[in-house]
Amino acid sequence: MAQESPTFSPLYRQIKSLILQALESGEWRPGQVIPSEQELASRFSVSQGTVRKAIDEMAAENLLVRKQGKGTFVASHNDPRALFRFLRLVPMDGDLAHPQSVPMDCWRARAGQEASRMLGIEQGEPIIIVRRLLRFAQKPVVIDEIYLPGEIFQGLTLEVLQSWNGSLYSLFEARFGLRMIRAQERIRAVGADRSTAEALRVAEGTPLLSVERVTYTYGDRPVEWRRGLYSTAEHFYLNELN
């Protein structure tokens with residue numbers, strides 16, 4: 001019996017790959033409805049069941065959103081439900097009111113060894129560094145330092161950040177055509193240094209969560225590296241495992 005090729009991929013996964021290519025090329029933009037299963041089946045010369053299986057998997061991965069009676073849409077960071085997909089800090093009182101993002105700094109630099117490794121770019125290439133504060137109910141809870149490839153984020157300034165009314169990822173999507181697909185985080189406990197303690201209004205040495213994240217767009221391309229410090233006096237980090 002002939003062995004399967006190690007590169008063999010089920011048909012629905014091949015269709016999923018083709019749909020992903022269409023998303024990456026911008027054929028269907030975030031928030032837009034995609035063609036029906038019947039139309040996609042005709043386009044790719046496969047059964048509707050095969051298309052449905054591909055779409056089901058992409059919906060489970062938050063790439064697509066099914067809306068009853070309306071169709072299937074490209075997931076968008078403008079959807080309020082998307083915020084807490086990437087922000088896992090939840091108030092202990094259960095109030096999921098949206099936090100306020102307060103941009104503090106935005107400057108240009110050259111990628112050092114660590115930034116180049118995390119972002120998959122050459123050392124010395126231009127990057128943009130953003131510092132911002134997240135407030136919940138007017139209380140500072142998170143301070144982030146965010147590293148972005150300069151080639152992608154040309155035109156990003158402190159003024160742009162300050163004038164945007166929404167999440168950072170919705171800004172990246174709307175202004176730079178960049179959709180964040182998945183993220184990998186590393187979490188550990190640290191003590192607040194003096195500047196962080198002042199920004200978060202806690203005592204120096206207060207235990208904080210250090211959350212380091214690399215975020216990826218289509219094609220598993222890293223496009224953001226951030227280091228955040230979280231005050232958990234009135235919040236906890238929620239992660240659902242399934």
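Buried means under 20% relative accessible area, exposed over 50%, and partly exposed in between (1.4 Å probe, protein chains only). This is a predicted model: local features need pLDDT of at least 70, side-chain atom pairs count only at pLDDT 80 or more, and totals for chains, interfaces and linings use all residues. Residues are numbered from 1 along each chain as its sequence is written, and side-chain values use heavy atoms, with hydrogens and water left out.

**View A. Helix H3 and its buried face.** H3 covers residues 48–60. Helices (H or I, at least four residues) and strands (E, at least two) are DSSP runs, numbered from the N terminus. Thr-50, Val-51, Ala-54, Ile-55, Glu-57 and Met-58 are buried in H3. Seen down the axis of H3, these buried residues fall within an arc of 160° (directions from the helix axis to the C-beta atoms), so they line one face of the helix.

**View B. Around H3.** The buried residues of H3 pack against helix H1 (11–25), helix H2 (37–44), strand S1 (64–67) and strand S2 (71–74). Contact means heavy atoms within 4.5 Å. Just after H3, Asn-62 has a positive phi of about 65°.

**View C. The six-stranded open sheet.** Its strand order is S4-S5-S6-S9-S8-S7, with antiparallel pairing. Two strands pair if DSSP finds at least two bridges between them. Strand S4 (100–110) and strand S7 (182–191) are the edge strands, each pairing on one side only.

**View D. The S4 and S5 pair.** S4 and strand S5 (residues 126–136) pair in the antiparallel sense over 10 bridges. Trp-107 stands opposite Ile-129 in S5.

Conventions:
The expected span of a helix is 1.5 Å times one less than its number of residues.
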